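Please read the numbered points with the sequence and the model at hand.

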Amino acid sequence: MSDGSVRSFYGWFTTLGLLVGVLVGLGYYRDEYRPWKDYQRRFIREEIRRATTPDQRVLAQNTAVQVRQILLPDLNRVDRCTTCHLAVEDPSYGGYPQPLAYHPLHDQHPFDKFGCTVCHRGQGRATTAADAHGAVAHWDEPMLPLKYIQASCGQCHDASDNPAAPELERGEQLFETTGCRGCHRLGGVGGNIGPELDRVGARRSPDWLRQHFLAPAAVTPGSGMPPQKFAEADIEAIVLFMLSQTGANLPGFYASMKVIPSASEGQRLFQQKGCIGCHSVGGQGGKVGPALDDVGLRRTPEWMMQHFRDPQTVSPGSVMPRFGFTEAEARALTDFLLRLRDQKLALSIPALMGPVDRGREIYRKYGCSGCHGPEGKGGVPNPNAKTAEQVPGLTYVADGYTKPELKKLILRGQREIVPLDPRRPAPPLYMPAWGSTIKDAEIDDLVAYLFSLKPKGEDLGF
Amino acid sequence: MSAPLPRRIWSWFAQTRVGRSVFRVGPPQSNLERSQAMVSSFLLHVQPAKVSRHALRASYSLGLGLISLYLFFILIVTGVLLMFYYVPSTLQAYDRMKDLQFVISAGLVVRNMHRWAAHLMVLFVMMHLCRVFYTGAYKQPREFNWVLGVGLFLMTLGLSFTGYLLPWDQLAFWAITVGTNIAGYAPVIGPKLKFLLLGGNEVGQEALTRFYALHVIVLPALAGLMVAVHLWRVRKDGGLSRPDLPEDSVQSLPLSQLPTNKSYGLMELARGTTPQVGRDPDDEIFSWPHLIFRELLLFMLVVAVVLFLAIFWNAPLEELANTVHPPNPAKAPWYFLGLQELVSYSAFWGGVVVPALLVTALVLLPYIDRKRQGVGRWFARERAVANTIFSVCLVTAIALTVIGTVFRGPNWSWVVPWQTPPAITEGH
C-alpha cells in the first residue's frame, strides 16, 4: 500500500473524530439543556426584582439552579413538581401565571409530607412538562383535571362529612341512591352483573366515565347497563366519585389521618363498636350504662373526650372498658353524642328502626333500585326480556310470592331471564345471587320492606 | 511535509523518559519498528505484525466480527455506568429507569446507547455468522472457532434476553414471560428449566435477581472469555480465511532456511497454515498502520453510529410491569419473534424441535461439510448446495421474524400494519 493511502488515514481520522466530537457535543447539549432550568432562572430573576433589602437580593442571587424534589418514601413517590412550580408555598405569588403560581390551601396537607401527585396525579419523577403532567404514552396516571380534584380527597377521607369536598359527597349520594350497587360491587358490597368498581378511578379516564354514563354501550360494546339520565351537574359529581375510587391503600402516617372527626363518623363508630349493647338511645338498647339521649346536656365535650380516652379518670368505678380510641375517633364520637342532644338521630340507627324502615335502607344499600327502580316501581330497560323488555317492578311482589319464596329468590338469584325473542341476544340484566353478600339479619328486613310496597287498601294483612 | 500534529505530539512524548517507559517504541519509522509496535504492545500483540492483504479487504469480511466486538465494548462500558444506578428490585427498578431519564446526567443517552448497541450486537453477530457461512470460512482448520462462534451467538442472545427484563416495565415483563414460556415447552426438562431460570413459576423478584446476576456477571464473563479464545483462535488458525493458493505457488521452506531479515520471530510459527512465510511476501502488509488504523477508524464509526441512534431515539420504556394485565399481543424480543411465530403453530415443534435442530446443525456443520472447496470466497459456486440450504433457512427465519414483528396483532391474529385496525374498545 502506498504512502499516499497511509496519509489518507489522517483525513479519515479527522473526519470521524469531528463526527464523534460533534455527536458527543450534541448529546451533552441535549442532556444539559432542560426546560426546567429556564423556569428556575425566571424565578430567580423575579426574586431578585422583588428583593427589597440587600440581604434578600444576595439570597435570591445565590439560589441554586437544581432539581428540587419531595421524597415521600411511605408513598413510594418522588415528586419533582417543585422543580418548575417553585412558588407553591409563597403566598406572595398568588395569581402568578404557571408555573410560578402559589398553591393555596395546603396547611392541612403540607407539601413535605404529601407532595403533589398523591392528589393531582401525573408523573412525579418527570422533569419535563409533558411527562410530568402525565398525558404521555405509557403513563397510566395523567393529571386529574382540576374540576375533579375533590376525587382525590376520597382516597383517604369518607365522602360524606367533608366540608371541603361537597362534590364528592354529592357523587357518593348519587351512587348510593341511583342503585349502582345492584350490578356493581364496591368495597365488597354489590352485585356482579357489571365489573367491580374498587379501582375504577385508577383505570378509567374522566372522559371515558362521562361517556359511559351517557351511553354505556358506546364505549363498552355489548354492555347491558341502561343509559343514566343524570343532569349535567350530576354526571360531573358521579364521575368525580368514580374517580375517587382508586383502590389506593395509603400506609402509615396517611392512614392514621384518615378519620375526619364528624358526627356521622361518630355514628358509624357508635354502631361498629356496639355501644348500644350497654347504652340506650330513644329508649332502646342496653341498660348497663346510662341512656345517652341527653348526655350532651349533662356533660361537657372535654369530659366526654377524657371519658373516651380512659373512663376511670372521670367516672371512677365505671365498668366501661378502655376502647383505645384514637383522638380523632374520640372527637367523632363526642360530636355524635352532642348531636343526639338536639336531634332525633335515633331514627337513623338501624338497631332502633322498625323492620320496614331497615329494609328500605337495605334496598338502598345494595342498589336494588338500579334495576328495580326507586321503591320497586320498575321501568329500567332490559332489552329482549319477556317482561315487557324491562326489569320487573316489585310493587306487587307480595301477591306472587310467599316470604320464604322471595327470600330464596333474592339469595339464589335468577341467572336465566326468559327472552322475548330467542333469536335475539339474551337480556343483559339478570338477578344476581345475593346470598354471599346480604347478611342473614338483613334479608328478613328487606323482604318485609318489599312486602310493604303493595299499595294500602290492597293489603293482604301480613 | 511535516507530520500531522497528533503524531508530532506523540513523537515528542514517546521520546521523553516517561513516554519511553510507557510505549517502549515511538511512532514507528521503519519496518522493524512497525513490527515492534505490534509485538511490544500488550493491546496490539494479539494481532500479527504482518497481515494478509486479503484480510484487510472490507468487501470480504465486511468488518462484521470487529463491529460485534466493538459493540460488546460499548455495552460493557455503558453497562457498568448503568450498574451505578440500577437496583435489581421489582419495587425500584422501574423508578430507576425514570430517574435515568429525568434527573441523572447523561442517564438517558447512556441507557439508549446500551439498548441500541445490544440490538445492533444481536444483529451484527447474526450477520457475522452468515458471512462466515457464505465464505466457507468455518472449514478446516477453523472448525472449532466456528463452534465457539455459535456459542458466542447464543451467549449474545442470552445477554440481550436477560437484559430485556431489567427495566421491569410491561415490555420487559411480558416479553420474558413469553420467552420463558417457550423454554417451558421442551419435553421433560422444559418446566424444570423454566423454573430454574425464573426461580419460580412466574416472572417476579426471584427472576429479576437471577436475570440480573446472569446479565452483569455470569454471561459477560463467559462471553468475554469466549471472545478472547475466539480471537486467539483466529490468529492461531491462520488469520482470516482466504482462498487456498494453487499448490505450486506454495513453497515450504525448512526452518533453517527461513529468511533472517524478517522482522517477525518464532512466535509467528504456528501449526499448519501459519505463517505465510515462503509465500509471496508481497501478499502481506504491515499491521501497523494498515490494520490498526483501519480498526481504529471502524471503532470510531461504530461509536458515532451508536451515539447518533442514542441521541435521537429513546430506548422504549412502557408502563410499570403489571402482572395481571398482559398487553395483547404479548411479544418476545424481536430476535425470538420468529420462534414465537413458529410456536403459534405448534408449541412443541416450533418451540423445541426446530430451534434444537437448528443449533445442533450449526454446531455440527463444519464436521459434516468437510470438503475444502470454495473457502475464502463469497457464494462460491462449489458450495451451491450448502449455500442454498442455508439461504432457505435464513430467508424463512427472516420471514417468520418479520411476520411475528409486523403482521401479528391482538390474539396473534393477522394484521396488516398499513391498514388502520378496527378501533379496539376496552371490554369489561
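1. Overall content of chain B. Chain B holds 16 helices and two strands, where helices (H or I, at least four residues) and strands (E, at least two) are DSSP runs numbered from the N terminus. The model is a predicted one, in which local features need pLDDT of at least 70 and side-chain atom pairs count only at pLDDT 80 or more, while totals for chains, interfaces and linings use all residues. Residues are numbered from 1 along each chain as its sequence is written, and chains are lettered from A and ligands numbered from 1 in the order in which they are written.

2. Of the 428 residues in chain B, 34% count as buried. A residue is buried if 20 or more other C-beta atoms lie within 10 Å of its own, exposed if 12 or fewer, and partly exposed in between, with C-beta atoms placed from the backbone. Two residues are in contact if their C-beta atoms, placed in that way, lie within 7 Å. Among contacts in chain B between residues at least 6 apart in sequence, 74% join residues at least 24 apart.

3. Helix 14 of chain B. This helix, residues 337-345, is mostly covered, with seven of its nine residues buried. They are Leu337(B), Gly338(B), Leu339(B), Gln340(B), Glu341(B), Leu342(B) and Val343(B). The packing partners of these buried residues are helix 10 (170-184), helix 15 (347-368) and helix 16 (384-406) of chain B.

4. Helices 7 and 8 of chain B. Helix 7 (residues 93-102) and helix 8 (residues 107-134) of chain B pack at an angle of about 115 degrees, with their axes 6 Å apart. Axes are lines fitted to C-alpha atoms, for helices over the stretch in contact, and angles run from 0 to 180 degrees between N-to-C directions. From helix 7 of chain B, Asp99(B), Leu100(B) and Gln101(B) meet Gly107(B), Leu108(B) and Arg111(B) of helix 8 of chain B. By class, this contact has two nonpolar, two polar and two charged residues. Here Ala, Val, Leu, Ile, Met, Phe, Trp, Tyr, Cys and Pro count as nonpolar, Asp, Glu, Lys and Arg as charged, and the others, Gly among them, as polar.

5. Backbone details in chain B. Val188(B), although not a glycine, has a positive phi of about 60 degrees. Val188(B) sits in the loop between helix 10 and helix 11 (190-198) of chain B and is exposed, because 7 other C-beta atoms lie within 10 Å. Trp412(B) also is not a glycine and has a positive phi of about 60 degrees. Trp412(B) is placed in the segment after helix 16 of chain B and is partly exposed, with 16 other C-beta atoms within 10 Å.

6. The contact between the chains. Chain A contributes 28 residues and chain B contributes 27 residues. On the side of chain A that touches chain B, helix 1 (residues 3-32) of chain A gives the most, with 15 residues. The residues of that side divide into 18 nonpolar, six polar and four charged.

7. Helices 13 and 17 of chain A. The axes of helix 13 (residues 263-272) and helix 17 (residues 327-340) of chain A come within 7 Å and cross at roughly 100 degrees. These two helices of chain A are therefore roughly perpendicular to each other; angles under 35 degrees count as roughly parallel, over 145 as roughly antiparallel, 65 to 115 as roughly perpendicular and the rest as oblique. The residues of their contact divide into six nonpolar, two polar and four charged.

8. Ala132(A). Is Ala132(A) buried or exposed? Ala132(A) counts as buried because it has 26 C-beta neighbours inside 10 Å. Ala132(A) is found in helix 6 (residues 129-133) of chain A. Ala132(A) and Cys81(A) are 51 residues apart in sequence and 7.4 Å apart in space, C-alpha to C-alpha.

9. A cis bond in chain A. The peptide bond from Gln98(A) to Pro99(A) is cis, with omega near 10 degrees. Pro99(A) lies in the loop between strand 2 (77-79) and helix 4 (111-114) of chain A.
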